[in-house]
Amino acid sequence: MTLRIRLNGKTIDVAAEPETPLLWVLRGELHTNGTKFGCGMALCGTCTVHLNGEPVRACVTPLAAVGTGEVTTIEGLHGPQADALRQAWIDLDVVQCGYCQSGQLMSAAALLKDKPQPTDSDIDEAMSGNLCRCGTYPRVRAAIHQAAKTIIQT
């Protein structure tokens, strides 16, 4: 079956069944490999993408749920928030193994869109579904604060 989706600003036809997890389509059909497979049960956040600007877990989101919505992956994440987050991640050496980072950045970008000046508890709540086996949580929090300050200054 051929379904049409909007991905990173482009309309794309994909050959997949409606119940196919979005993650399998992104990685297997469309080769947008920035979105990673972690647990397959929406517990780790590694596969986080945006659907209409909101973070969702691609591993449990069926293709049919996308409908006419806009899917944004790490490859399509652009703008001042994304730039500020990426720079903060570099400045504060957030990444260790890096496997969870695309999901972390997608969740952080959604947070800053909704709360441009998040508190520690806002960050903890927004990021609670993103697990990091390397334990870089304090640096993630600091990087989000730094990105928020950068965005305000520009």
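Modeller: Lys 115 is partly exposed, with a relative accessible area of 39%. Partly exposed means between the two limits, where buried is under 20% relative accessible area and exposed is over 50% (1.4 Å probe, protein chains only).

Colleague: What should I know about where the model comes from?

Modeller: It is a predicted model, in which local features need pLDDT of at least 70, side-chain atom pairs count only at pLDDT 80 or more, and totals for chains, interfaces and linings use all residues. Residues are numbered from 1 along each chain as its sequence is written, and side-chain values use heavy atoms, with hydrogens and water left out.

Colleague: Which residue forms a salt bridge with Lys 115?

Modeller: Asp 122, with the closest N and O atoms 3.2 Å apart. A salt bridge here is a side-chain nitrogen of Lys or Arg within 4 Å of a carboxyl oxygen of Asp or Glu.

Colleague: Is Asp 122 buried or exposed?

Modeller: Asp 122 is buried, at 17% relative accessible area.

Colleague: Which residues do salt bridges that share partners join into one network?

Modeller: Glu 54, Lys 113 and Asp 114. Glu 54 and Lys 113 have their closest N and O atoms 3.3 Å apart. That pair ties together parts that are 59 residues apart in sequence, because Glu 54 is in strand S4 (residues 54-57) and Lys 113 is in helix H4 (residues 101-114). Helices (H or I, at least four residues) and strands (E, at least two) are DSSP runs, numbered from the N terminus.

Colleague: And the Asp 114 side?

Modeller: The side chains of Lys 113 and Asp 114 form a salt bridge at 3.6 Å, N to O. Lys 113 is partly exposed at 40%, and Asp 114 is partly exposed at 49%.

Colleague: How many salt bridges does the structure hold?

Modeller: Seven.

Colleague: Changing topic: how do S1 and S2 run?

Modeller: Antiparallel, with six bridges joining S1 (residues 2-7) to S2 (residues 10-15). Two strands pair if DSSP finds at least two bridges between them. Leu 3 stands opposite Val 14 in S2. The hairpin has two residues between the strands, and Asn 8 takes a positive phi near 50°.

Colleague: Which residues make the nonpolar surface patch?

Modeller: Trp 24, Phe 37 and Tyr 99, over about 300 Å². Patch residues have over 30% relative accessible area and no salt bridge; like charges are joined within 9 Å, nonpolar side chains (Val, Leu, Ile, Met, Phe, Trp, Tyr) within 5 Å. Areas come from the Shrake-Rupley method with a 1.4 Å probe, and for residues only the protein chains shown count as cover.

Colleague: Where does Trp 24 lie?

Modeller: In helix H1 (residues 22-29). Trp 24 is partly exposed, at 43%.
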